[in-house]
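These are my notebook entries on a structure that I am opening for the first time.

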Amino acid sequence: MNRRVLTLLLLSPLLVHGSAGDRDPEFVQCVQVCVQQGDSELAMCRMGCAVNITLKHEQLRIPPLQYYGRWAFHPLFGIQEPASCLFCVGNLAAHMAAWWKGQVRGFVWQLFLVVSCIAWLCAAVFHARDTPLTEFLDYATSALVVWSFLLATFAFVFFNDENGKHIISHQFVLTPLALAGYALHVHKLLYPRIDYGFNMVACVSLSVLSLFLWIGWLFAHHNSQHQTRSLTLFLLLTAAFSLLEIFDFPPIYLILDAHALWHAGTIFTTSLLWRFIDAHHQQQRQGQQG
C-alpha cells in the first residue's frame, strides 16, 4: 500500500472525532509499521500501539493520552475493554434476573426490559470490538433505552391512579409518541452526518427529565405508604454514578476506568429499580384486595 495513502487512512478518523494521541507521531508511525507488516488488522494495530506507548509513557511519568476518543486498555482474549464488557454483561444479567423473579410488571416496563437487554448486549459487543457498526449500534440502542425509560416514567407518574388502574390506555397513546420521538432522534443522529454530540446532549436531557419526574413523584408520596426506599437509593446512586461519566480518569493498570466503574454501578441501580417496581405493584394489589 502506498505510504501516503496509508497515512491518510490512519488519520481519516480525525475528521470525525480526534484526540491528542491520534496526532502523536510515535503512534502514527507504530500503526503504519504494524499495518504494513500485515501482523494485524487496523483496529488491533491501533489498540496494540496505544497500549505499548501508554506503558512507555507510564515508565517515563508522562500523562497518558487518549486515542480516537478512548483510553488504552490491556486486551483480554481479543476483547478491547474487558472490564466494561464484563460489566455490560452484568447489567444484562441484572435485567434477566428481574424477569426471572417476576419483578417486571406491565407493558411499558416489559418493553423497557427488552430494549435494555438488547442495548446492553450491543454495549458488550462494542466494548469487545470497536468498529463503526458496533459503535453506532451502541449509541442507537442506548438512546432507545433512554426513550423507553422516559415512556415508562410518564406512564408510572401520570397515568396510574392510587389503585394501580390505568387512567388511559397509554400503550396506544404514549408508546407511539415515544417511538416517533426516537425515530426523529435517530434521523438527527444520522443526517446529514453521524452526530454523536447531539446524541449525548439529547440522551442527557431526556434522562434528566426522567430523573426530575421521579423526584417529583417521590416528594408527592413521601408521606404515603409507598415503599420508596429502593427508589430513593436508585435516584441518589444514579446521580452519583453519573459523575463518573463527567469526571473521567485514565484506566487503573490499563484495566479499570471511570466508564467501566459507571457500568459496574448501574448493575446495582438496575436491581434497585426493579425491586421498587415490584414492591409498588405488590402494594397496589394489596390495596385492591383490601
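**Entry 1, helices 5 and 6.** I looked up how helix 5 and helix 6 lie against each other, and found that their axes come within 8 Å and cross at roughly 160°. The axes here are lines fitted to C-alpha atoms, for helices over the stretch in contact, and the angles run from 0 to 180 degrees between N-to-C directions. Helix 5 and helix 6 are therefore roughly antiparallel to each other; for the wording I keep to a scale on which angles under 35 degrees count as roughly parallel, over 145 as roughly antiparallel, 65 to 115 as roughly perpendicular and the rest as oblique. The crossing of helix 5 past helix 6 is left-handed, a term used if the near helix is turned anticlockwise from the far one by less than a right angle, with right-handed used if it is turned clockwise.

I note for myself that this is a predicted model, in which local features need pLDDT of at least 70 and side-chain atom pairs count only at pLDDT 80 or more, while totals for chains, interfaces and linings use all residues. Residues are numbered from 1 along each chain as its sequence is written, and side-chain values use heavy atoms, with hydrogens and water left out.

I then turned to helix 4 (residues 82-101), whose axis comes within 8 Å of that of helix 5, with a crossing of roughly 160°. Helix 4 and helix 5 are therefore roughly antiparallel to each other, and their crossing is left-handed. Among the residues of helix 4 that meet helix 5 I listed Cys85, Cys88, Leu92 and Trp99, and on the side of helix 5 the list includes Phe112, Leu113, Cys117 and Trp120; contact means heavy atoms within 4.5 Å.

I also looked up valine 125, which is found in helix 5. At 43% relative accessibility valine 125 counts as partly exposed, where buried means under 20% relative accessible area, exposed over 50% and partly exposed in between (1.4 Å probe, protein chains only). Valine 125 and valine 89 are 36 residues apart in sequence, and their C-alpha atoms are 9.6 Å apart in space.

How many helices and strands does the protein chain have? I found 10 helices and zero strands, taking helices (H or I, at least four residues) and strands (E, at least two) as DSSP runs numbered from the N terminus. Of the 290 residues of the protein chain, 42% count as buried. Among contacts in the chain with a separation of 6 or more, 67% are between residues 24 or more positions apart.

Which residues have the most contacts inside the largest nonpolar core? They are Trp109, Phe156, Trp214, Leu231, Trp274 and Ile277, in a core of 43 residues; such a core is a set of buried Ala, Val, Leu, Ile, Met, Phe, Trp, Tyr and Cys residues joined through side-chain atoms within 4.5 Å. The elements that give two or more residues to this core are helix 5 (107-128), helix 6 (132-158), helix 7 (174-190), helix 8 (196-220), helix 9 (229-246) and helix 10 (258-289), and the largest share, 13 residues, comes from helix 6. Leaving aside neighbours within four places in sequence, I found leucine 231 in contact with Trp214, Trp217, Leu218 and Phe276. A second, separate core of 12 residues includes Ala50, Val51, Tyr67 and Leu254.

The axes of helix 2 (residues 25-37) and helix 3 (residues 42-59) come within 9 Å and cross at roughly 140°, and that makes helix 2 oblique to helix 3. Helix 2 passes helix 3 in a right-handed crossing. Residues that meet here include Phe27, Cys30 and Val31 in helix 2, and Leu42, Cys45 and Ala50 in helix 3.

Arginine 61, in the loop between helix 3 and helix 4, has a positive phi of about 60° although it is not a glycine, and at 79% relative accessibility arginine 61 counts as exposed. Tyrosine 253, in the loop between helix 9 and helix 10, also has a positive phi, near 55°, and tyrosine 253 is exposed, with a relative accessible area of 67%.
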